[in-house]
Amino acid sequence: MKNFPLTATIVAIIFTQIIKYPIAYLFMGKKETKLSIIHTTGGMPSSHTAAVTALITSLILQEGFLSPYVAIATAYGLIVMFDAMGVRRQSGEQGILIRELLAVLREHYVSEEDGQINEKLDQIDDQNMVIDDYLGHKPSEVFGGFVAGVGVAFFIRFIFFYFDWMI
């Protein structure tokens with residue numbers, strides 16, 4: 001038998017990662033939008049939220065609302081969504097602040113006489129820092145992921161039942 005919940009979850013991740021680029025292009029413009037947004041975390045919609053929402057929705061459709069699997073997936077989903085808006089978002093905002101502080105240090109507070117500070121600042125490659133601007137999500141991005149996850153789960157259910165009926 002096909003694994004409907006797993007398929008819906010994976011399709012939700014792929015779908016939301018792909019649609020991030022056109023959404024960013026539409027709202028931020030060509031100059032601000034990078035193709036790399038497709039394989040990074042953050043942005044609209046939240047693929048993490050879409051994944052857990054697709055999992056929860058597909059389990060409800062397959063097992064029923066009162067299933068213990070739905071309870072487990074819902075608890076897991078709430079943790080993922082809270083984390084996306086909380087801890088991960090704060091980390092992204094701190095990454096932006098660190099980049100801004102480095103720019104200020106380089107521009108204003110580094111003198112020619114203090115070669116040691118200059119050397120240390122030159123060693124920091126702030127363009128390739130692990131902490132990225134798109135690390136976390138705004139509540140609207142989590143809501144977008146929620147809607148996408150539910151939609152993908154219903155679409156995959158339709159596909160599964162349509163092709164089962166045809167065989």
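According to an unreviewed UniProt entry, the annotation "transmembrane region" covers residues 6–28, 66–87 and 142–163; such annotations may be inferred rather than shown by experiment. The structure is a predicted model, in which local features need pLDDT of at least 70 and side-chain atom pairs count only at pLDDT 80 or more, while totals for chains, interfaces and linings use all residues. Residues are numbered from 1 along each chain as its sequence is written, and side-chain values use heavy atoms, with hydrogens and water left out.

**Annotated spans**
- Residues 6–28 are 100% helix and 0% strand, with their end C-alpha atoms 33 Å apart; helices are DSSP runs (H or I, at least four residues) and strands likewise (E, at least two), numbered from the N terminus.
- For residues 142–163, the corresponding distance is 31 Å, and the span is 100% helix and 0% strand.

**Helices H1 and H2**
- The axes of H1 (residues 4–28) and H2 (residues 47–63) come within 8 Å and cross at roughly 150°; axes are lines fitted to C-alpha atoms over the stretch in contact, and angles run from 0 to 180 degrees between N-to-C directions.
- H1 is therefore roughly antiparallel to H2 (an angle over 145 degrees).
- Their crossing is right-handed, a term for a near helix turned clockwise from the far one by less than a right angle.
- Residues in contact (heavy atoms within 4.5 Å) include Phe 4, Ala 8 and Lys 20 of H1 and Ser 47, Leu 55 and Gln 62 of H2.
- This contact comprises 11 nonpolar, six polar and one charged residues; Ala, Val, Leu, Ile, Met, Phe, Trp, Tyr, Cys and Pro count as nonpolar, Asp, Glu, Lys and Arg as charged, and the others as polar.

**Helices H2 and H3**
- H2 packs against H3 (residues 68–85) at about 165°, with the axes 9 Å apart.
- These two helices are therefore roughly antiparallel, and their crossing is left-handed (anticlockwise).
- Among the residues that meet are His 48 and Glu 63 in H2, and Tyr 69 and Met 81 in H3.
- The contact of H2 with H3 has 11 nonpolar, five polar and one charged residues.

**Aromatic pairs**
- There are four aromatic pairs in the structure (ring centres within 6.5 Å).
- One of them, Phe 4 with Phe 160, is tilted, at 5.8 Å centre to centre and 55° between the planes; planes under 30 degrees apart count as stacked, over 60 as edge-to-face and the rest as tilted.
- Because Phe 4 lies in H1 and Phe 160 in H6 (residues 139–166), the pair ties together parts 156 residues apart in sequence.

Definitions and conventions. Parallel < 35°, antiparallel > 145°, perpendicular 65-115°, else oblique. Phe/Tyr/Trp six-rings, centres within 6.5 Å; stacked < 30°, edge-to-face > 60°.
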